[in-house]
Amino acid sequence: MSILTFDEKNFYLDDAPFRIIAGDIHYFRIPTAHWERTLELAVDFGLNTVQTYIPWNAHEPAPGTFDFSGMLDLGRYLELCSQKGLKVLLRPSPYICSEWDLGGLPAWLLKDRELVVRSSDARHLKAVEKYYAHLISVFLPYL
């Protein structure tokens with residue numbers, strides 16, 4: 001496993017100077033048949049890193065029901081990135097962005113009308129914890 005460190009001026013990857021040249025490529029928005037070519041184009045354009053966030057609502061459409069297949073196969077995507085020599089800035093936050101329905105939070109959270117999403121509400125944190133327990137096992141081998 002590589003080690004990324006930094007000082008006040010630079011990043012270092014395994015003690016060698018490293019410049020992060022990144023672009024966003026969201027695996028869940030691209031058909032799997034195009035992943036490899038898209039990543040090759042990223043390398044051709046000079047990128048050494050891709051960034052993606054992870055949509056909780058897509059990966060857990062119902063409580064305890066997880067989907068990491070097809071366009072949601074995060075492990076396969078990370079493996080392809082590795083094969084192409086790309087580093088990945090992975091953003092596993094429950095809330096991903098305002099342009100995605102409910103910010104990427106699963107709609108089933110709203111069934112409990114008392115639950116306050118994006119807060120320290122114990123019910124929200126318990127749901128996040130269960131999701132992370134599954135999610136982390138998917139990307140841990142690629143750290």
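A: Before we start on contacts: contact means heavy atoms within 4.5 Å. Also, this is a predicted model.
Q: How far does the C-alpha trace span along its principal axes?
A: About 50 × 40 × 25 Å. As for burial, 35% of the 143 residues count as buried.
Q: Switching to rings. How many aromatic pairs are there?
A: The count comes to ten. One of them is Phe28 with Trp100, an edge-to-face pair at 5.1 Å centre to centre, with 75° between the planes.
Q: Where do those two sit in the chain?
A: In distant parts, 72 residues apart. Phe28 is in the loop between β4 (22-24) and α1 (32-44), while Trp100 is in the loop between β6 (87-91) and α4 (122-139).
Q: Why does Phe28 count as buried?
A: Because its relative accessibility is 8%, and the cut-off for buried is under 20%. Trp100 has a relative accessible area of 22%, so it is partly exposed.
Q: Are Trp35 and Tyr77 buried or exposed?
A: Both are buried.
Q: Which residues do ring pairs link into a cluster?
A: Tyr27, Phe28, Trp35, Tyr53, Tyr77 and Trp100.
Q: What lies over the face of Tyr95?
A: Arg118, at 3.6 Å from the ring centre.
Q: New topic: Glu60. Where is that one?
A: In the loop between α2 (56-59) and α3 (74-83). Glu60 is buried yet has no salt bridge.
Q: Which side chain of opposite charge is nearest to Glu60?
A: Lys130, and that is 7.6 Å away, whereas a salt bridge needs the atoms within 4 Å.
Q: Then what is within reach of a polar atom of the Glu60 side chain?
A: The backbone nitrogen of Gly64 lies 2.7 Å from one.
Q: And what is Glu60 in contact with, leaving aside neighbours within four places in sequence?
A: Thr65, Phe66, Pro106, Trp108 and Tyr131.

Technical notes: Residues numbered from 1 in each chain as written. Predicted model: local features only at pLDDT ≥ 70, side-chain atom pairs only at ≥ 80, totals over all residues. Heavy atoms only, no water. Helix = DSSP H or I, 4+ residues; strand = E, 2+ residues; numbered from the N terminus. Buried < 20%, exposed > 50% of the residue type's maximum accessible area, 1.4 Å probe, protein only. Lys, Arg positive; Asp, Glu negative; His and termini not counted. Polar contact = N/O pair within 3.5 Å; in protein donor to acceptor, adjacent residues only side chain to side chain. Phe/Tyr/Trp six-rings, centres within 6.5 Å; stacked < 30°, edge-to-face > 60°. Lys NZ or Arg CZ within 6 Å of the ring centre and 35° of its normal.
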